[in-house]
Amino acid sequence: MAHEPEHEHDSGRGLALETAKPEAARPPLFQVLLLNDDFTPMDFVVEVLRTFFNLDQEQAVQVMLHVHTRGRGVCGVFTREVAETKVTHVNEYSRSHQHPLLCTMEKL
Ligand code: TYC
């Protein structure tokens, strides 16, 4: 286009126009993490990763062992509301089974 007033800060008519940023097209992303502890059984962590994060057995064991050896690990990346719901559900599930497993989230 020769002239797009929406993107011009000086249109020549003394008026600055700007369209709103399309935030809805790229919502902020959050990684959901599991933290290691000394008490939660490995099988329970694998079950959590399969149930809440839709990982297959092989992926779930890989992530669990990463958390076990490195202290923390990423279960998945989601928009804010989905990440918050995963964190709440995983922590409630762990507590309901008397395990101290902790799930948290961080903005990317
Ligand atoms: N460290 C635990 C154990 O040895 C296993 C474990 C892995 C716990 C990952 C939490 O997020 C976790 N039984």
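A polar contact is a pair of N or O atoms within 3.5 Å; within protein, one must be able to donate a hydrogen and the other to accept it, and residues adjacent in sequence count only if both atoms are side-chain atoms. One case is a backbone N or O atom of Asp37, which lies 2.7 Å from a nitrogen atom of the ligand. The model is predicted: local features need pLDDT of at least 70, side-chain atom pairs count only at pLDDT 80 or more, and totals for chains, interfaces and linings use all residues. Residues are numbered from 1 along each chain as its sequence is written, and side-chain values use heavy atoms, with hydrogens and water left out.

**The chain**

- The chain has three helices and three strands. These are DSSP runs, numbered from the N terminus: helices are H or I with at least four residues, strands are E with at least two.
- From the N terminus on, the order is β-α-α-β-α-β.
- Of the 108 residues, 31% are buried. Buried means under 20% relative accessible area, exposed over 50%, and partly exposed in between (1.4 Å probe, protein chains only).
- Take contacts between residues at least 6 apart in sequence: 67% join residues at least 24 apart. Contact means heavy atoms within 4.5 Å.

**The core**

- A nonpolar core is a set of buried Ala, Val, Leu, Ile, Met, Phe, Trp, Tyr and Cys residues joined through side-chain atoms within 4.5 Å.
- The largest one holds 22 residues, and Val32, Leu34, Val48, Leu49, Phe53, Val90 and Cys103 touch the most other members.
- Strand S1 (29–35), helix H1 (42–53), helix H2 (57–70), strand S2 (72–79) and helix H3 (80–96) each give two or more residues to this core.
- H1 supplies the largest share, seven residues.
- Beyond its neighbours within four places in sequence, Leu34 has contacts that include Val45, Leu49, Val67, Val90 and Cys103.

**The ligand**

- Around the ligand sit Leu34, Leu35, Asn36, Asp37, Thr40, Met42, Val45, Met64, Val67, His68 and Leu101. Each has a heavy atom within 4 Å of the ligand.
- This shell divides into seven nonpolar residues, three polar and one charged.
- H2 gives the largest share of the shell, three residues.
- A backbone N or O atom of Leu35 lies 2.8 Å from a ligand oxygen atom.
- A polar side-chain atom of Asn36 lies 2.8 Å from a ligand nitrogen atom.
- Taken alone, the ligand exposes 350 Å², and the protein buries 89% of that. Such areas come from the Shrake-Rupley method with a 1.4 Å probe; for residues, only the protein chains shown count as cover.

Conventions. Ala, Val, Leu, Ile, Met, Phe, Trp, Tyr, Cys and Pro count as nonpolar, Asp, Glu, Lys and Arg as charged, and the others, Gly among them, as polar.
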